[in-house]
Amino acid sequence: MLALGAKGVVSVISHLEGKRIQAMINAYKNGHPKLAQSYHAMLYPLFSHVSMHDTQNGDDYANPLPIKEALFQRGLIGSPRATTLGEMSEHAKQELRGILAAVEQETRAFDATQAAIHLKHDHLK
């Protein structure tokens, strides 16, 4: 959306990945669109999964269940339960757990690479 003229984003994912969403926006605003695209690509599985409504596997759930479950799995809230909406199936929870783990692993490696680049850049000044 930034490439189309947006000034920022309103993103449910920012509850989980606020620093990386901010880094993505800052990269774009500072003239590094490829870096912003890299952040977006890493976070895309979360973007797509928390807005998913999967009936193909018998997992019929609505927002905000996926984000509540993700916040719960990361230890950021005490219960994923939205009493009026029920809860996600075990299959959907397992799939989300895998996505969270993969995104965390990939973003940690990416963050470490970015930190090393910044150190090298700062050293060359």
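Reader: Which residues of helix 2 are called buried, and what makes them so?

Author: Keep in mind that this is a predicted model. Buried means under 20% relative accessible area, and the residues of helix 2 that count as buried are Ala-36, Tyr-39, Met-42, Leu-43, Leu-46, Phe-47, His-49 and Val-50.

Reader: How do you know that the length of helix 2 agrees with its 18 residues?

Author: At 1.5 Å a residue, helix 2 should span 26 Å, and its end C-alpha atoms lie 24 Å apart, so the two agree.

Reader: Where in helix 2 is the kink?

Author: Look at Leu-43, shortly before the proline Pro-45: the kink there is about 50 degrees. Leu-43 is also one of the buried residues.

Reader: What does helix 2 supply to the lining of the largest pocket?

Author: Five residues, which is the largest share. Helix 1 (14-29) supplies at least two residues as well. The pocket holds about 340 Å³ of space, and of its 13 lining residues, Met-1, Leu-2, Val-9, Met-24 and His-40 are the closest to its centre.

Reader: By class, what is in that lining?

Author: Ten nonpolar residues, three polar ones and no charged ones.

Reader: What makes the lining of the largest cavity part charged, and which residues are in it?

Author: Leu-65, Glu-69, Pro-80, Arg-81, Gly-86, Glu-87 and Met-88 line that cavity. Glu and Arg count as charged, so Glu-69, Arg-81 and Glu-87 are the three charged residues. The rest of the lining is three nonpolar and one polar.

Technical notes: Residues are numbered from 1 along each chain as its sequence is written. This is a predicted model: local features need pLDDT of at least 70, side-chain atom pairs count only at pLDDT 80 or more; totals for chains, interfaces and linings use all residues. Side-chain values use heavy atoms; hydrogens and water are left out. On a 1 Å grid over the protein atoms alone, a cavity is a set of points where a 1.4 Å probe fits but cannot get out, and a pocket is an open set with protein on both sides within 12 Å along at least five of seven lines; lining residues have an atom within 4 Å of a point. Grid points are joined across faces, edges and corners, and a volume is the space filled by probe spheres set on the points. Helices (H or I, at least four residues) and strands (E, at least two) are DSSP runs, numbered from the N terminus. The expected span of a helix is 1.5 Å times one less than its number of residues. The bend at a residue is the angle between axes fitted to the seven residues ending there and the seven starting there. Buried means under 20% relative accessible area, exposed over 50%, partly exposed in between (1.4 Å probe, protein chains only).
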